[in-house]
2 protein chains.
Amino acid sequence: MKTKKPTILVTNDDGITAPGIQALIEAMKPLGHVFVVAPDSPQSGMGHAITINKPLRLDKTTYHGEVIGYQCSGTPVDCVKLAIDKIIHGKPDLCVSGINHGSNSSINVIYSGTMSAAMEGGIEGIPSIGFSLLNYSLDADFTPAKKYAQIIAANVLKHGLPEGTLLNVNIPDKKLKQIKGIKVCRQANAKWQEEFDERMDPYKRKYYWLTGKFQNYDKGTDTDEWALDNNYVSVVPVQFDFTAHHAIPILNKWKFNGK
Amino acid sequence: MKTKKPTILVTNDDGITAPGIQALIEAMKPLGHVFVVAPDSPQSGMGHAITINKPLRLDKTTYHGEVIGYQCSGTPVDCVKLAIDKIIHGKPDLCVSGINHGSNSSINVIYSGTMSAAMEGGIEGIPSIGFSLLNYSLDADFTPAKKYAQIIAANVLKHGLPEGTLLNVNIPDKKLKQIKGIKVCRQANAKWQEEFDERMDPYKRKYYWLTGKFQNYDKGTDTDEWALDNNYVSVVPVQFDFTAHHAIPILNKWKFNGK
């Protein structure tokens, strides 16, 4: 039986000074011994990027008071890898990422640096969770998110997670008393309808800004989008075996090899 | 019945001048009307990164002769989004990415810019395929890869792909006569055992290079790693619903809400 305090790695993609990671550190402190290794600059939309063509910097910081903290020049995934190899020298009992400023529900799981850090933890066999609050503002109220992050992390420390899975947790931007509780969900079938804003620079060269409109095509009441729309905290178990197993027999009927 | 030539979008993550994309363009030309929109610089390891904090450039190039080509300052995913919105003004019949210089089998699907471009195509509802050759060298022989890319693309144009899926194709670095054919596989349970090379810069500050050793924990003979080790071209159907559906009933037993 494990009696010593669990080791908890905290990271994010908004950067080590973001209010969201401060909230997550505070939520994790009562649960274990917290290490922070987070990007030194915002890394939103970095997906599962890793840094292979340039060296990484890793510098100790006391930004979060007595908590052992390091800022890293790389991506969220780099932070998890470096934390394991160079800071914790082994695997923490829990890896938490966030609290992201903005939603990572449904298809956003794919673009999210927050979720990629959690996925990297999962690949390493560490129970891992990504947390996101549905509010982009720096002034967002993280009080409800902190409470639910703590409840969910405590459950994961207690139960562990099914092999090959991690959690994608999104918290509605509501007051604590408005939130109805936690719902385990599936990823909604939703996507971004992109449009690029086309502009002209002062030298008459075109440039483009990515913009987009989120569209939920999923009418199910068992999805993360439904849960969030109905004031629940959504918990989606995520896997990193991307195989579409159901498609294998279909493809096996194709006459690939001329037979 | 569709009689006009299919529209094929070609992209990659090694950059528009890489020999791998040249090989893929040549393989696709007999199958349809080819558009190339690819990064203006190598983007390996970019995962599903998108560019949201700076504008993108998109410039016409005749680098690939008569083929309509654009180089983009962004990531592979940006290229697919821009191609749909600004170049093709709609969805191509096929989106192919690669041929990557180096493997994207098993867990590498997660880190790969090549596969992220294909995944973005899949999310858009376009039949999409990522191709990778197991050879990092600029001098690699793409002849067998071209042949198999053409066979597989022709099959996808003919049959379509099951909804919500795309293909991850890896080609062994072998001569054509050594390759035994195509095998439909699942993603092997494998990962990178990372180690960071720690060095000192001329100013006595530490820096780190990511290095790693690939480890395959999977003994199955139905995996992409097995297929490649046995001189088959591996075809893994990949999905972008990351939900670990089997974990939902397990998590529903947790007393999250204090009940």
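**Helix 2 against helix 4, chain B**

I started with helix 2 (residues 76-87) and helix 4 (residues 113-123) of chain B, whose axes come within 8 Å and cross at roughly 30°. The two helices are therefore roughly parallel to each other (angles under 35 degrees count as such). I took axes as lines fitted to C-alpha atoms, for helices over the stretch in contact, with angles from 0 to 180 degrees between N-to-C directions. Helices (H or I, at least four residues) and strands (E, at least two) are DSSP runs, numbered from the N terminus.

Next I listed who makes the contact (C-beta atoms, placed from the backbone, within 7 Å). Helix 2 of chain B brings Pro76(B), Val77(B), Cys79(B), Val80(B) and Lys81(B), and helix 4 of chain B brings residues including Thr114(B), Ala117(B) and Glu120(B).

**Provenance**

This is a predicted model: local features need pLDDT of at least 70 and side-chain atom pairs count only at pLDDT 80 or more, while totals for chains, interfaces and linings use all residues. Residues are numbered from 1 along each chain as its sequence is written, and chains are lettered from A and ligands numbered from 1 in the order in which they are written.

I checked helix 1 (residues 19-28) of chain A and found eight of its ten residues buried (20 or more other C-beta atoms within 10 Å; exposed is 12 or fewer, partly exposed in between). Ile21(A), Leu24(A) and Met28(A) are among them. The buried residues pack against strands 1, 2, 5 and 6 and helix 5 of chain A.

I then looked up the largest nonpolar core, which has 152 residues (buried Ala, Val, Leu, Ile, Met, Phe, Trp, Tyr and Cys joined through C-beta atoms within 7 Å). Val10(A), Leu24(A) and Val37(A) are among those with the most contacts inside it, and so are Val10(B), Leu24(B) and Val37(B). Leaving aside neighbours within four places in sequence, Val10(A) touches residues including Ile21(A), Leu24(A), Ile25(A) and Met28(A).

I noted a cis peptide bond from Gly98(A) to Ile99(A), omega near -10°; Ile99(A) lies in strand 5 of chain A. In chain B, Gly98(B) and Ile99(B) are joined by a cis bond too, with omega about -10°.

I also flagged two residues other than glycine with positive phi. His89(A) has phi near 55° and sits in the loop between helix 2 and strand 5 of chain A. His89(A) is exposed, with 8 other C-beta atoms within 10 Å. Asn231(A) has phi near 65°, and its 15 C-beta neighbours inside 10 Å make it partly exposed.

Key: Two residues are in contact if their C-beta atoms, placed from the backbone, lie within 7 Å. Angles under 35 degrees count as roughly parallel, over 145 as roughly antiparallel, 65 to 115 as roughly perpendicular and the rest as oblique.
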